[in-house]
Every structure is written in C-alpha cells, then in structure tokens.
Amino acid sequence: MSAGLWAAVAAVGALGTAACYYAMWYAKSGMPALRALDADFQCLDMLFRYTPEQAFSSFEKVGAQGRSLLKRFWLTDFGFIASFGLAMLAVGHNTGVLAPLRYAMYAFACLRGAADALENLLLLRALAAYPKKRLAGTVRAASAATTLKWLFMGLWVAGLFINLVYRAAQL
C-alpha cells in the first residue's frame, strides 16, 4: 500500500478508536452509568482473567438496567476492536523496520482483535442467558479469550519496542 493509504488507515483507526473509547468510558450511557449502579464495577474485559462467579456477581450487582448497558458497551466494543486494529496495523507498518517482525506484529494485531471479538460474543451470550441460565463454560471460554487478547497485545507491544530499539540503533 502507498504511504498515503497507510496514513488514511492510521487516521481512521485513531479517530474510530477515540470515538469508541469515549462512548464506552466517558459517555453517560457507558462506564459512568455502570459505576452509578455499582461503584465497584470492574469491566470483565479489562481484567487478565476472571471466574464465572465474578461475571455473574457483576451481572447481578448492576441489575437489569446495567445488563442492558453492558450489552451496549460490548456492542460498541466491536467498533473499538476494528478501529484499534487498524491503528495497530498502521503503527506496525510505520515502525516495522525488521520485515519479519512487522509481519508478526500484523498477525498479533489481527489475533488480538479476533480474541477480543470472541470474548465479546461469549460475554454477550452469557449476558443474554442471565439470570435464567448461568453459562459457566461460556464465561470460562470468554475469560480464556480475554487472556489471549492481553497476551497478543503484549507480544505486539514487545514487537513495537524491538523495532523502535532497532531503529534507534541505526541512527
């Protein structure tokens, strides 16, 4: 792709990430509303791992209104996943001096997004079944996807730093 197209990918990714982040964490119907229902609310997908008991306790504490907000939060997160993925790809392209590492960073960005999307789908499924069913296996799978998401993110960041150190050494 041309440099101009990569710049457009970066801009779309950055703007989309910022918009979704704002909607999820600062808008009145996002995290502030969830924290108003439960002052100790911790978003499951921001943890490294969690148990079904933690998830079901969280669903219970925020009540029906909070579960509706969580659904909206995780649906908005799909936009964040796509936008952040574009930003990660553009950053990987622009910093990736070492071609094999740049391609690995592309892969880690895509795998992070896939794990995040799987996590959301599984949490949405568990949320939709709650309180009639407590889908412990679904939540365990969501927690595993969350852990993978953070591991892929960590690998991507490691690739970023390796490329930056390599580039600095060339100067």
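1. A residue counts as buried when its relative accessible area is under 20%, as exposed when over 50%, and as partly exposed in between, with a 1.4 Å probe and protein chains only. S83 has 11% relative accessibility and therefore counts as buried. S83 is placed in helix α3 (residues 52-95); helices are DSSP runs of H or I with at least four residues, numbered from the N terminus.

2. On the basis of the note: this is a predicted model, in which local features need pLDDT of at least 70 and side-chain atom pairs count only at pLDDT 80 or more, while totals for chains, interfaces and linings use all residues. Residues are numbered from 1 along each chain as its sequence is written, and side-chain values use heavy atoms, with hydrogens and water left out.

3. The contacts of S83 are with G13, G16 and T17, leaving aside residues up to four places away in sequence. Contact here means heavy atoms within 4.5 Å.

4. Helix α4 (residues 99-129) and helix α5 (residues 136-170) have axes that come within 8 Å and cross at roughly 160°. The axes are lines fitted to C-alpha atoms over the stretch in contact, and angles run from 0 to 180 degrees between N-to-C directions. Angles over 145 degrees count as roughly antiparallel, and α4 and α5 are therefore roughly antiparallel to each other. The residues of the contact of α4 with α5 divide into 21 nonpolar, 4 polar and 6 charged. In this grouping Asp, Glu, Lys and Arg are charged, Ala, Val, Leu, Ile, Met, Phe, Trp, Tyr, Cys and Pro are nonpolar, and the others, Gly among them, are polar.

5. A salt bridge needs a side-chain nitrogen of Lys or Arg within 4 Å of a carboxyl oxygen of Asp or Glu. By this rule the count is 3. One of them joins the side chains of R112 and D116, at 3.2 Å from N to O. Both residues lie in helix α4, 4 residues apart, about one turn of the helix.

6. D116 also forms a salt bridge with K149, with the closest N and O atoms 3.9 Å apart. D116 lies in helix α4 and K149 in helix α5, so this pair ties together parts 33 residues apart in sequence. K149 forms a salt bridge with E119 too, at 3.3 Å between the closest N and O atoms. That pair links K149 in α5 to E119 in α4, 30 residues apart.

7. Relative accessibility is 4% for R112, 2% for D116, 0% for E119 and 4% for K149. R112 is buried, as are D116, E119 and K149.

Definitions and conventions. Helices (H or I, at least four residues) and strands (E, at least two) are DSSP runs, numbered from the N terminus. Angles under 35 degrees count as roughly parallel, over 145 as roughly antiparallel, 65 to 115 as roughly perpendicular and the rest as oblique.
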